[in-house]
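Me: Could you walk me through this structure? I'd like to learn what the words mean as we go.

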Amino acid sequence: MSKLLLSVLVSSVSFSALAAPEYSANVPDEIITPDNVQSIYLGEMKYTSGAPSQETYLKARDFVDTATAVRVFLSGIQVASMQGLFAGHESQGMEPNKTIGISEGMLNARSIWLTPNTTTPYVTSEVDVKDGPVVLEVGTRYLVYWTMQRLSLLVKLA
């Protein structure tokens, strides 16, 4: 009985291997991954039935690692700029949540800023919320006084 079962099993497997598949997709040639692809950044990449070779895989992985490193570096520029601004605040005696810095005049090319506008007065401060929320109160008397100073300066210049 077991020999008969084994021979039936072997013959059915043999016939099923020779039979055409029940479903065969008609995949357009233009979406099939070619065996060789030439890339501007990675050079020649090789594939077998759509799967990358080990060398192609390593090239792609190294490229992605490098692209990630560049993205992280570029994302850090803003953080480094802010850290420099905060270091400048500290060097002038400013304290987070306690003081503000106001430019005495308009900035120019000699100002130690990355790209200051020469027609904008600057008010800067550091708000540190690590110990909880911070409420900023701006007195209107000072704003009126400051605005009047600027207007009188503009009238004198005209």
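**The largest pocket and Thr124**

Reply: Happy to! The largest pocket is lined by 19 residues, and Leu85, His89, Ile112, Trp113 and Thr124 lie nearest its centre. The model is predicted, so local features need pLDDT of at least 70 and side-chain atom pairs 80 or more, while totals for chains, interfaces and linings use all residues. Residues are numbered from 1 along each chain as its sequence is written, and side-chain values use heavy atoms, leaving out hydrogens and water.

Me: What makes something a pocket or a lining residue?

Reply: On a 1 Å grid over the protein atoms alone, a pocket is an open set of points with protein on both sides within 12 Å along at least five of seven lines, and a lining residue has an atom within 4 Å of a point. Helix α2 (54-91) gives the most to this lining, with seven residues.

Me: Why is Thr124 called buried?

Reply: Buried means under 20% relative accessible area, with a 1.4 Å probe and protein chains only. Thr124 has 17%, so Thr124 is buried.

Me: What else does Thr124 touch, not counting residues up to four places away in sequence?

Reply: Contact means heavy atoms within 4.5 Å. Besides His89, Thr124 touches Leu85, Met94, Ile100 and Gly101.

Note on methods: Buried means under 20% relative accessible area, exposed over 50%, partly exposed in between (1.4 Å probe, protein chains only). On a 1 Å grid over the protein atoms alone, a cavity is a set of points where a 1.4 Å probe fits but cannot get out, and a pocket is an open set with protein on both sides within 12 Å along at least five of seven lines; lining residues have an atom within 4 Å of a point. Helices (H or I, at least four residues) and strands (E, at least two) are DSSP runs, numbered from the N terminus.
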